[in-house]
Amino acid sequence: MNNTRQIAFGYSTRCNIKCNHCVAAHDGSPETKMALESAIQIIDEMSSSHVTGISFTAGEPLLYLDEMKELVRTCKMQDIYSRIVTNGYWSKTRDRSDEVVSTLKDTGLSQLRISFSRWHQKNVNRENILNAALSCQRYGLDYFISFVTDFRKEDDVQEQFLQDNQLKYFPEPLIYFGNATGITRPPVFTDYPAHRCAMNPYLSPDLDMFACCDAGNQFTKTDAFYLGNLKSHSVDHLFQKKEKNLLFHLIKTMGLTAMASFLGFKASEIVKYRKCDLCETLFNSTDHLERLKKSATTKLLHWKR
Ligand code: SF4
Ligand code: SF4
């Protein structure tokens, strides 16, 4: 997915497992689902609004396999790159895994992203992940494994499993929102990362759109990432709202570290933050947000070496 307008599409927040680290379908959040007809219309509208990539995510999309096939087919007809994010619960046997993967491939799915972590694997056997990945290899469906980790030593054994089986994976840092809020954070050992962010929006099953696909709906004190609802606004309008927002642009280009430094955070304090925690500190505080907004077109914009 290389072009500019891409979106994480939350068809339903329903999931069949409960992960202790879940941001999307976390405990206490109501299960919601989009109507199939409505989702198809939105994808058509997205196509006219130059959206070139859709990632179906939120709960477990493949609980609705037949509906996902419809949505993927719609993407294919509109020449939109499609990805499904799954926990792999369905790939218990090689035969079932082959059946689902070959169907998705035939329907026109561009890529399968398979979640893997010590939290997911309390509910889903890791052999499922292997089955799903091997089916993708057999049927020529592009895939990768999203290895969610908090970088503790105990995760090495999970990573070793991926390496032993020569699977394609990318480590993803745990985001400490939703169910993960209470998980103890091990200290961070990095230098001074810029903490830039791709800023791909997220559409919820209730048709609320947020500027961040990972955790923007968690910023309840400021609603800083909320763009609006598709019942009242067009897809193009909400994308434009995101694209014209200078602070979102600066998260993407300048990064959160420079913004924190601009606000007066000490370097020794900044390095203690993970990216999304720093983002929450800056954007879920009315005071910080106001100061950033006030200077966005002046001093902050010119805060360069
Ligand atoms: S599989 Fe994904 S959506 Fe389901 S509980 Fe786990 S992290 Fe949440
Ligand atoms: S850093 Fe901010 S914008 Fe980026 S994923 Fe985290 S919460 Fe979202």
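Modeller: Sorted by class, the residues in the shell around ligand 2 are 7 nonpolar, 1 polar and 2 charged, where Ala, Val, Leu, Ile, Met, Phe, Trp, Tyr, Cys and Pro count as nonpolar, Asp, Glu, Lys and Arg as charged, and the others, Gly among them, as polar. This is a predicted model, in which local features need pLDDT of at least 70 and side-chain atom pairs count only at pLDDT 80 or more, while totals for chains, interfaces and linings use all residues. Residues are numbered from 1 along each chain as its sequence is written, and chains are lettered from A and ligands numbered from 1 in the order in which they are written.

Of the 10 residues around ligand 2, those that come nearest are Cys-197, Cys-212, Asp-214, Cys-276 and Cys-279; a residue is near a molecule if its C-beta atom, placed from the backbone, lies within 6 Å of it. Helix H10, residues 275-283, gives the most to this shell, with 3 residues, and helices here are DSSP runs (H or I, at least four residues) numbered from the N terminus.

For a view of another helix, Ala-132 is found in H4, residues 126-139, and Ala-132 counts as buried because it has 28 C-beta neighbours inside 10 Å, the cut-offs being 20 or more for buried, 12 or fewer for exposed, and partly exposed in between. Ala-132 touches Gly-88, Ser-91, Ser-97, Val-101 and Ile-114, not counting residues up to four places away in sequence, where contact requires C-beta atoms, placed from the backbone, within 7 Å. Ser-97 lies 35 residues from Ala-132 in sequence, yet their C-alpha atoms are 5.6 Å apart in space.

Definitions and conventions: Helix = DSSP H or I, 4+ residues; strand = E, 2+ residues; numbered from the N terminus. Contact = placed C-beta atoms within 7 Å.
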